[in-house]
Each structure stands twice: as structure tokens, then as C-alpha cells.
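Colleague: I am new to this structure. Please take a close look at one part of it, the aromatic rings and their surroundings.

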Amino acid sequence: MGLEISRVKKDMDFNKNFRSLIEVLKNVAIAQFHILEKRLVHFDEFEKNLESFAHYLNLKKMDHPFLKKAETDPVRVVAITTDQGLLGGINMRVVSRAMNSMKSGGRDELIMIGEKGQMYAREYQIPFTIFPGIKDEEQAAQAQTLRDYLFQDMLSGKYRGIQIVYPHAYSLVNQRVEVATLIPFSVEEGEEKKPAENLPSEILFESKPEHILEFMVFLWIGYRLREIFSLSRLAELGARYVHLEESSQRILEINQKLKLRYFRLRHEVIDQGLRELFAARSLYAS
């Protein structure tokens, strides 16, 4: 029984030290989350002017591959995952959602960002294109590289849509997997907005409206990808915090059970020692 007590005590000490390490990792994740949250850049003003400018292009009457897509048309589906683990399964949910978005009979292209997504995607045994995981200091360049790749074969009609599947961080403890449709392009709620106050009432186009639309969407997708990359990184840190917190609580529960077992074994040893002592005294007295 002494060996069992010693083993339980070692398990308790190991869990205590392991939980302390988890608490450190939690604090690191929280600090990184708040740092990146302050750096998060939204392009609301750009999108507002973009939607206002779309009023002049009369998108409803324009016949362009960026604006229309049939249900069976092939698309490019981008799944944004991470290079690291301890995220509680959020990478698996992203890959699963991306797989569900591919519906054109094998003509869609799956693009995986991040090593974890590549690992899960290989289990589905379908081909995919690989891009490196998101780096905080390289997000702008990575967004431009991905945008340039996504635009290949779009005008030719080989692909008629772009969807981004990514984890969205609404708060430190709330992350959801979402799908953003970049092409077909549409303004908010599918309606062209009226011109903004800083735009003139009439615009003379030197280029064809179709070419202007293409350049406009090209710029917008670059900005949108940069924003999605930032939100994905926040979701990664938030998911890590949640997973570590759950692990910390499980270890605490395990240690509580070990404590009860430890004290029960100690009491059994003490009781056995007392019984042996009284038995010896009774034998001596007789």
C-alpha cells in the first residue's frame, strides 16, 4: 500500500506542475489575443466607398463572371487553419465545413492554408493546393499572394466562385467557423448603394465598366483577405485559451479525485497501524 500512496502522490505533484504550465500558456494566449486585437485593421471606410461607387456601375444590368454563378459552377474553396495545435478541434471543423462547400462534382479546387488543415485534408484523400500558415508580420504579403492566385482562371470561367472558410473570433471565448463568399461579388444586401457624399453625382468612365469592376474586386479581395487573416489569428488564440482552460479544469478535477484517494489510503494505513498496535498490546497483556 505504501507504493500505491507514493504513486498517487507523484501523480498529484505532476498534475499540479502541469496545471501551472497550462496557466502560463493561458496567460500567454490572452496577452497575444489582446495585442493582435488592438492591431486588427478593418476596412469599413474602403468598403463603404466601394459600395457607393458600385452604384455608378449598375451591377444589376452588367453581365460579368464576377457577378453570377450557377449552383453547379466550379469554385475555389479556401480553408484557413493553423500551424499549431491545442485548439480544441477548430481546425477540423474548418476543414469539414470546407469539404461541405464543395458541390460541383469534383471540379472545385480546395486550397489549404496551414499545416493542421493539410493533415486533416489528407484523410479525405482529395487533391488540394498548399499555402503556408498565417504569420502575423506577413499578413499583407500573404493576402496579396493568395489574391493573385485566386484570380487566375477566374475571368476565363474555369472557376466561377471564391469562398473562404475560416474561424471568426467574436471574443476571447467565442469562435465560430464561417464562410465568406468573395465571388460572386455583391454589395451589402445585394443592392447598390447611393453615392457617398464625397463622390460626384456623375462620373465619366475612361475604361469599360467591366474592367473597372474587375480592378475594384481585385483590390477589395486583397483587403478582405487581410481582414479574414487577422480574424483567423484571433480565433486561433481564443480557441487555444478555451482549450487550455478546459484542460486546466479537467486536471483540477482529476487532482481532487487523487487527493481523496490519497487521504483514503493514508487513513487505511493509519487504521491498519492502530489495529496492529492494539493487537500487539492485547497479546502482550495476556
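**Aromatic rings and the core**

Modeller: Arg-176 sits over the face of Tyr-170, at 4.7 Å from the ring centre. A charge counts as over a ring if NZ of Lys or CZ of Arg is within 6 Å of the ring centre and within 35 degrees of the ring normal. Arg-147 is placed over the face of Phe-218 in this way, at 3.8 Å from the ring centre.

This is a predicted model, in which local features need pLDDT of at least 70 and side-chain atom pairs count only at pLDDT 80 or more, while totals for chains, interfaces and linings use all residues. Residues are numbered from 1 along each chain as its sequence is written, and side-chain values use heavy atoms, with hydrogens and water left out.

Eight aromatic pairs are present in the structure. Rings of Phe, Tyr and Trp (its six-membered ring) pair if their centres lie within 6.5 Å; planes under 30 degrees apart count as stacked, over 60 as edge-to-face and the rest as tilted. One of the pairs, Phe-66 with Phe-151, is edge-to-face, with 5.4 Å centre to centre and 90° between the planes. This pair links distant parts of the chain, 85 residues apart: Phe-66 is in the loop between α2 and β1, and Phe-151 in helix α5. Helices (H or I, at least four residues) and strands (E, at least two) are DSSP runs, numbered from the N terminus. Phe-66 and Phe-151 are both buried, where buried means under 20% relative accessible area, exposed over 50%, and partly exposed in between (1.4 Å probe, protein chains only).

Tyr-262 and Phe-263 also make an edge-to-face pair, at 5.5 Å centre to centre and 70° between the planes. Here Tyr-262 counts as buried because its relative accessibility is 12%, whereas Phe-263 is partly exposed, at 46%. Phe-43, Phe-46 and Tyr-223 form one aromatic cluster.

As for the surroundings, the largest nonpolar core holds 48 residues, and those touching the most other members are Leu-59, Ile-80, Leu-146, Ile-164, Phe-185, Leu-213 and Ile-221. Such a core is a set of buried Ala, Val, Leu, Ile, Met, Phe, Trp, Tyr and Cys residues joined through side-chain atoms within 4.5 Å. The elements giving two or more residues to this core include α1 (2-39), α5 (139-151), β4 (162-171) and α6 (209-285). With 14 residues, α6 contributes the most. Another core, of 17 residues, lies apart from it, and among its members are the aromatic residues Tyr-120 and Phe-128.
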